[in-house]
Amino acid sequence: GKQGMMSDTIPPSAHHQHHKQQQQQKQLVYIANVPGGILVCELDDATGALNVITSTSSSTSSCWFIAPHPNGKFIYTAAGQDTYQAYRIDEKTGILSGFYICHFIHHLLFFFFRFPHTSIPSRPIPSPNRCIIIIMSNPLEINSQPSCGVDPCHVSIDPSGQYVLGANYEAGSFVVYPIETETGALLPACDIVTPGTGSNVDKERQGGPHAHMIESMKVASSSGRKENDNDNDGGDDDDDRIFAVDLGSDRVYIYTLQQGTGKLVTNTETPYFEIPPGEGPRHFSVHPSKPFVYVLNELSSRISVFSWNKVKGCMYNSIQSISMLPSDHDVSKQKSYPAEIRVHPSGLFLYGTNRGHDSIVVYAIHQEEGTLEPEQWIETHGQNPRGMNISPNGRWLYVANLTSKNVAWF
């Protein structure tokens, strides 16, 4: 098949049948579990298969998003009960400490990959091997802090590893927590901003601000970047800007994080970039080596493509808007709302999930212009595909179907 396209066979056990078995190394993938907690399984990189090792119950009402610390020792979650939580990873086993075991897999959302002896979980592995994905809930966490806003839905770590960044959907606020260096504990919030007011274009969804994602551009662009990759036309290695996505206000705000104080400082040259009215930005993904940003718009099922020029001080230009649905899809008969967006580690392809159409859309990325060309729509073998991620070596894509409670891989 064409490179970048996905097989519709699940499980893909026939793939890579003739690959030689190389030295195997345990790797970990953690999966957020909606009823609460974090999930752990075994992944065979030769076939992509996930074999559940264990799952555990949770005392929290939900776990919507997780993020690893760059040192690989801690995990942070946007959790239920309006809290952000910190957990410790066992450095030898990769397992989170203090879990209670049960045997039921709940809704799956976002997941990330962790590899021993690798500081950034999303970097590619040097050779095919086996991987452990652990499904866990209700660990004895290090600590938690109030979210300082209703409905935390996204969490990330700044590149320095000193701060946790959170997005509170219903409150429309973005919050910053210092991290205690030795223990990984979350300290009380040091900054809270609510920049938006809501565009009110969509009366039901945009009556006020709705913060949906906050992440450093450096972290986003390093996700899946190849080691020793010097082809970095965007010059993003030292770009410490923070993007904060507000679905309710049709804006992506631009900040720098002030080290030492943890304050979010508004970018003076370009404080935000506008999304077309009523489209409702949800998540974004950044090209690993080119100056392109891709914003997934939940209310319009479209992707907005932007470029930037650091030399001119963060000047952003809109270069494309493209549908995530096939031209023959009738939204009046079947509503669909996209959820997740990922650029392939090679930078050659982009993937997005469609809830309702229950598909993954595959685009080819024009490497000079950054524009997208649709290549394929493929069913997700489940309902409501919400979380999606790509293995760091770029071989496998995993999608978590919320309603049907399953993970499919391609």
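Analyst: A residue is called buried if its relative accessible area is under 20%, exposed if that value is over 50%, and partly exposed in between, with a 1.4 Å probe and protein chains only. What follows concerns a predicted model, in which local features need pLDDT of at least 70 and side-chain atom pairs count only at pLDDT 80 or more, while totals for chains, interfaces and linings use all residues. Residues are numbered from 1 along each chain as its sequence is written, and side-chain values use heavy atoms, with hydrogens and water left out.

Of the 410 residues in the chain, 58% are buried. The secondary structure comes to 1 helix and 30 strands, where helices (H or I, at least four residues) and strands (E, at least two) are DSSP runs numbered from the N terminus. Contact means heavy atoms within 4.5 Å, and among the contacts in the chain with a separation of 6 or more, 62% are between residues 24 or more positions apart.

The part examined here is an open sheet of 4 strands, which has the order 24-25-26-27 and antiparallel pairing; two strands count as paired if DSSP finds at least two bridges between them. Strand 24 (337–343) and strand 27 (372–379) are the edges of this sheet, and because each has a single partner strand, one side of each lacks a neighbour in the sheet. From one strand to the next the twist averages 20 degrees, the axes being lines fitted to C-alpha atoms, with angles that run from 0 to 180 degrees between N-to-C directions.

Strand 25 (residues 349–355) pairs with strand 26 (residues 359–365) in the antiparallel sense over 6 bridges. Within this pairing, N354 has S359 of strand 26 as its bridge partner, and T353 stands opposite I360. The two strands form a hairpin with 3 residues between them, and G356 in that turn has a positive phi of about 115 degrees.

Strand 26 has 7 of its 7 residues buried, so the rest of the structure largely encloses it. In a regular strand the side chains alternate between the two faces of the sheet. In strand 26, S359, V361, Y363 and I365 point one way, whereas I360, V362 and A364 point the other way, and all of them are buried.

Strand 26 is also joined to strand 27 by 7 bridges, and these strands run antiparallel, with A364 opposite E373 of strand 27. The hairpin that they make has 6 residues between the strands, and G370 takes a positive phi near 80 degrees there.

Which residue contacts does P374 make, once its neighbours within four places in sequence are left aside? P374, which is found in strand 27, is in contact with I322, V362 and Y363. The relative accessible area of P374 is 32%, which means that this residue is partly exposed. P374 and P326 are 48 residues apart in sequence, and their C-alpha atoms are 9.0 Å apart in space.

For context elsewhere in the chain, the aromatic rings can be considered. Rings of Phe, Tyr and Trp (its six-membered ring) pair if their centres lie within 6.5 Å, with planes under 30 degrees apart counted as stacked, over 60 as edge-to-face and the rest as tilted. The count by this rule comes to 6 aromatic pairs. One of them is F243 with F273, whose ring centres are 5.7 Å apart and whose planes stand at 75 degrees, so the pair is edge-to-face. F243 lies in strand 16 (residues 241–246) and F273 in strand 19 (residues 272–274), so that the pair links parts of the chain 30 residues apart, and both F243 and F273 are buried. F273 also pairs with F306, with the ring centres 4.4 Å apart and the planes at 55 degrees, so this pair is tilted. F306 belongs to strand 22 (residues 302–309) and is 33 residues apart from F273. F243, F273, F284 and F306 form one aromatic cluster.

Strand 22 is itself mostly covered, with 6 of its 8 residues buried. Strand 21 (residues 292–297) is joined to strand 22 by 6 bridges, and the two run antiparallel, with V305 of strand 22 as the bridge partner of Y294.
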